[in-house]
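Please read the two chains below alongside the paragraphs that follow. The text goes from the contact between the chains to the chains themselves and then to selected helix pairs.

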Amino acid sequence: MLAGLGLAGPALLLLLALFLLPTLSIFVIAATDWQFGAQTLAFVGLDNFSALFADPTFRRALINTLGFVAVVVPATVGLGLLVALLIESDRSLRGFYRAVHFLPFMATLAAMAVVWEALLHPTLGLVNQVLAAFGAPTANWLRDERTALPVLAVIAIWQNLGFAMVIFLAALKAVPQELYDAAAVDGADAGYDRLQTVTLPLIAPATVFVVIAVAIRAFETFDPVLILTHGGPANASELLLHLLYVESFDYMRTGYGAAVTVVFLLIIMALTLAQARVMDHRRREP
Amino acid sequence: MRRHPLSWPARTGRHLVLATTATLVAVPFVWMLSLSFKAPSEITAGFSLLPQHWHAVENYTLALTASPLLRFLANGFAVCAAILAFQILISAPAAYAFAKLRFPGRQALFALVLIGLLIPHQVLALPLYVLCWKLGILNTYAALILPFVVSPLAIFLFRQFFLGIPDDIIHAARLDGLSETAIVFRIMLPMALPAVIAFGALSVVVHWNDLFWPSIAITSEHLKPPTLGIIAFRDQERGSDYGPLMAAATIVVLPLLAAFLFAQRWFIAGLNAGAVK
């Protein structure tokens, strides 16, 4: 009887100490004015949250993040689906295309962000050199308020495209051939018809799953912000997780940082719960 | 869509689109390699893929000597290995208990694991920072490892796999006099090898690539993992001489990409397994 508790004990104690109590403590810290290192603290109720939503920097970061996610998710999922459909539609070079599209997802993003910085260098970068060669206008991509956030979105799409593709490829493989044959008998013969009547409905659960997973990854974007823009210029590319980092660990405004953390946690938990629900449905299907 | 041979215009169109997207996706990698082969004079002299004078040896030598890059890589290997070892050592017995043993509060305790799955790790950074500070381990290897020693995902995945292993095997092992711990590590874990490898691939990718927690927990140069190291390298090598920096980036990215190309199957299995999260 107690063997089970003995075996599960260490994991459960660590889970408590490293996951559950820290999560609860975030809510407690968010209700205080604590600054890391200070000897005293006072409970301030919801003051941190009202300060947060009155703070133009936080509001900018929240709006930036929502806009960023709203662009990155459809672009990543759409491109990932297109690439997966094309790869799956024929045998030739299948493994090669799959591997290339998946590389950015594996590659250390911190190192690749440094490469993106070189690509986007105002005078030496490939991007501006190519644009100039075609007589197109160039930009100082990472230092311009209009381009900094879109550039981060492009990097996020580039990085997550392969992830979406891999999930779609697995879903496409699971579509039974008989359904295509049946659709063909029913006269749905052209590629587009088959896509409409068979493929898309059958991979719909996978699509919902990919949408949420990519949304979570987009909300968690951090490395390129820290390395390339620091949220600038003038907060134009400030995102939630980077703001959380700056408030908590640069400014050491611990109570305030905890309030940002609570907002972040609620968003991610809502998405994860929605995802668990989809997964549950997917598993119950025959 | 499958097993219907495509007409030749469709085949050509497929290759046109996929070759275009593949090229765009590959641009950063190609540019990184290209710059890592070039001398400073050529980097400022307009774009060509291959250098006129190979400067690769100089760039890669400088990357390895101008900063403690090898040290960063060794830190990365050591920390990833330690994290994975602890994760398996601590999660596997729990997974076995949840899958095969009866004990009071089993259901409620498993709910704690599921709640753990819901929590994004970045949320824990602030309390874990305070915890590491209290323990006096900030800016040590221990700070890089401790927050990740238990993995709710590992418990969840291993439990799923263990559920599929017949009880008869466990009864037989008990008759042979094996302890419960021995059953976990000598019977269950080897049988669950596919799940272990898939989880291992996922864990190594996540922690090799992690920048968020190391940038909070580590300040000393000699403790930095590759992600922090590459930033330190960039910050000291300003100017237009991108060669050594791109060589360093190549060296940091290479271990995972090489591992992926040799064992694609396992990485993709890990990804699909991680998709339960």
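Two residues are taken to be in contact if their C-beta atoms, placed from the backbone, lie within 7 Å. By that criterion, 82 residues of chain B are in contact with 77 residues of chain A. Helix 1 of chain B, residues 8-36, supplies the largest share of the chain B side, with 13 residues. Helices here are DSSP runs of H or I with at least four residues, strands are runs of E with at least two, and both are numbered from the N terminus. The side of chain B that touches chain A consists of 63 nonpolar, 11 polar and eight charged residues. In this classification Ala, Val, Leu, Ile, Met, Phe, Trp, Tyr, Cys and Pro are nonpolar, Asp, Glu, Lys and Arg are charged, and the others, Gly among them, are polar.

The model is predicted, so local features need pLDDT of at least 70 and side-chain atom pairs count only at pLDDT 80 or more, while totals for chains, interfaces and linings use all residues. Residues are numbered from 1 along each chain as its sequence is written, and chains are lettered from A and ligands numbered from 1 in the order in which they are written.

Chain A contains 13 helices and zero strands. Its C-alpha atoms fill a box of roughly 75 × 75 × 35 Å along the principal axes. Two local features of chain A fall in one loop. The peptide bond from A:G232 to A:P233 is cis, with omega near -10 degrees, and A:P233 sits in the loop between helix 11 (223-229) and helix 12 (240-250) of chain A. A:H230, also in the loop between helix 11 and helix 12 of chain A, has phi near 50 degrees, a positive value in a residue other than glycine.

Chain B has 15 helices and zero strands. Its C-alpha trace spans about 75 × 65 × 35 Å along the principal axes. The radius of gyration of chain B is 24 Å, whereas a compact globule of 277 residues would have one near 19 Å; the quantity is taken over C-alpha atoms, and the globule rule is 2.2 Å times the number of residues to the power 0.38. The domain assignment divides chain B into domain 1 (8-64) and domain 2 (69-236), with bounds that come from an automatic or database assignment. The centres of the two domains, taken over C-alpha atoms, are 37 Å apart.

How are two packed helices described? The description uses the angle between their axes and the distance between the axes. Axes are lines fitted to C-alpha atoms, for helices over the stretch in contact, and angles run from 0 to 180 degrees between N-to-C directions. Angles under 35 degrees count as roughly parallel, over 145 as roughly antiparallel, 65 to 115 as roughly perpendicular and the rest as oblique.

One helix pair joins the two chains. The axes of helix 4 (residues 94-106) of chain A and helix 14 (residues 243-262) of chain B come within 10 Å and cross at roughly 140 degrees, so these two helices are oblique to each other. On the chain A side the contact uses A:A99, A:L103 and A:M106, and on the chain B side B:L256, B:L257, B:F260 and B:L261.

Helix 1 of chain B contributes B:M32, B:L33, B:L35 and B:S36, and helix 14 of chain B contributes B:G243, B:M246, B:A247, B:A249 and B:T250. This contact has six nonpolar, three polar and no charged residues.

In a further pair, the axes of helix 4 (residues 69-100) and helix 10 (residues 180-191) of chain B come within 10 Å and cross at roughly 95 degrees. That makes helix 4 of chain B roughly perpendicular to helix 10 of chain B. The contact is formed by B:A92, B:P93 and B:Y96 from helix 4 of chain B and by B:T181, B:V184, B:M188 and B:L189 from helix 10 of chain B.
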